[in-house]
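Good morning, colleagues. Please take a moment to look at the sequence and the structure on the screen, and I shall then walk you through them.

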Amino acid sequence: MNELTIARAIHILSIVIWMGGVAFVTLVLIPTIRRSSFMSDEFYLFNLIENRFASIARTLVLIAGLSGFYMIHQLNAWNRFWEIRYFWMHTMVLIWLMFVLALFLIEPFFIKDHGRIVKDGHNFVNLQKTQLVHSIILTLSLITIFISVLGAHGVFT
Ligand code: HEM
């Protein structure tokens with residue numbers, strides 16, 4: 001077992017936990033909260049769960065990025081970014097950048113507290129928007145996983 005294989009295993013482990021969490025928030029947490037009677041305890045709980053997941057996701061995003069760039073280095077694959085048949089590599093980096101922006105900039109500085117927004121009386125609209133945004137992000141991420149596995153196993157080359 002060489003370093004590249006270990007980096008690949010770490011890359012996939014971080015992505016499984018990270019995207020599993022995104023799927024849980026999108027498909028279970030937000031719909032459940034939206035269907036509930038909007039008691040303040042539920043908002044509080046929603047907030048706690050989201051914030052806790054965001055801090056786990058931050059670590060996983062870093063690990064996925066480090067292991068990914070390490071693999072590029074090991075494979076000596078930087079020139080792939082100049083070739084269209086490696087579009088799945090661009091897609092991975094774009095999705096990763098989107099999460100870096102969301103978790104390190106947008107969430108902590110602009111929408112830190114979903115629950116507070118909700119309690120301020122914009123509840124329905126905001127959670128609707130939250131669900132839409134999460135659904136789009138989840139769909140793009142799943143497509144990325146799908147095409148990356150195909151790409152890494154030579155389907156596009
Ligand atoms: C900075 C961000 C990222 C970098 C630099 C990166 C880099 C890489 C590299 C170099 C490979 C191996 C390609 C090969 O074997 O030819 C790989 C595989 C893979 N990556 Fe990423 N990646 C990043 C982010 C992501 C993200 C965000 C996802 C998921 C949404 C993802 C999912 C995968 C998958 C599923 C594989 C295929 C593993 C396999 O089947 O062997 N990566 N990545």
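R58 itself lies in helix α2. Helices are DSSP runs (H or I, at least four residues), strands likewise (E, at least two), and they are numbered from the N terminus. R58 counts as partly exposed because it has 17 C-beta neighbours inside 10 Å. By this definition, a residue with 20 or more other C-beta atoms within 10 Å of its own is buried, one with 12 or fewer is exposed, and one in between is partly exposed, the C-beta atoms being placed from the backbone.

Before I continue, a word on the basis of this talk. What you see is a predicted model, in which local features need pLDDT of at least 70 and side-chain atom pairs count only at pLDDT 80 or more, while totals for chains, interfaces and linings use all residues. Residues are numbered from 1 along each chain as its sequence is written.

Let us turn to the overall fold. The chain has four helices and zero strands, in the order α-α-α-α from the N terminus. Of its 157 residues, 20% count as buried. Among contacts with a separation of 6 or more, 85% join residues 24 or more positions apart.

In α1, a kink of about 35 degrees is centred on V25, and α3 bends by about 35 degrees at A102. The bend at a residue is the angle between axes fitted to the seven residues ending there and the seven starting there. What is the end-to-end distance of α3? Its end C-alpha atoms are 32 Å apart, which agrees with the 33 Å that its 23 residues should span at 1.5 Å a residue; the expected span is 1.5 Å times one less than the number of residues.

Next, the interior. The buried residues of α3 are W88, M89, M92, I95, F99 and L103, and those of α1 include H11, S14, I15 and W18. The largest nonpolar core has 13 residues, with W18, A57, L60, V61 and A64 making the most contacts inside it. Such a core is a set of buried Ala, Val, Leu, Ile, Met, Phe, Trp, Tyr and Cys residues joined through C-beta atoms within 7 Å. Two or more residues of this core come from each of α1, α2 and α3, and α3 gives the most, with six. Leaving aside neighbours within four places in sequence, A64 is in contact with H11, S14, I15, W18 and W96. Another core, of six residues, lies apart from it and has I30, I33, F43 and F46 among its members.

Finally, the ligand. Which residues come nearest to it? Of the 22 residues around the ligand, these are G68, M71, M92, W96 and S148; a residue is near if its C-beta atom, placed from the backbone, lies within 6 Å. At least two residues of the shell come from each of α1, α2, α3 and α4. The shell divides into 14 nonpolar, seven polar and one charged. Here Ala, Val, Leu, Ile, Met, Phe, Trp, Tyr, Cys and Pro count as nonpolar, Asp, Glu, Lys and Arg as charged, and the others, Gly among them, as polar.

Notes
Two residues are in contact if their C-beta atoms, placed from the backbone, lie within 7 Å.
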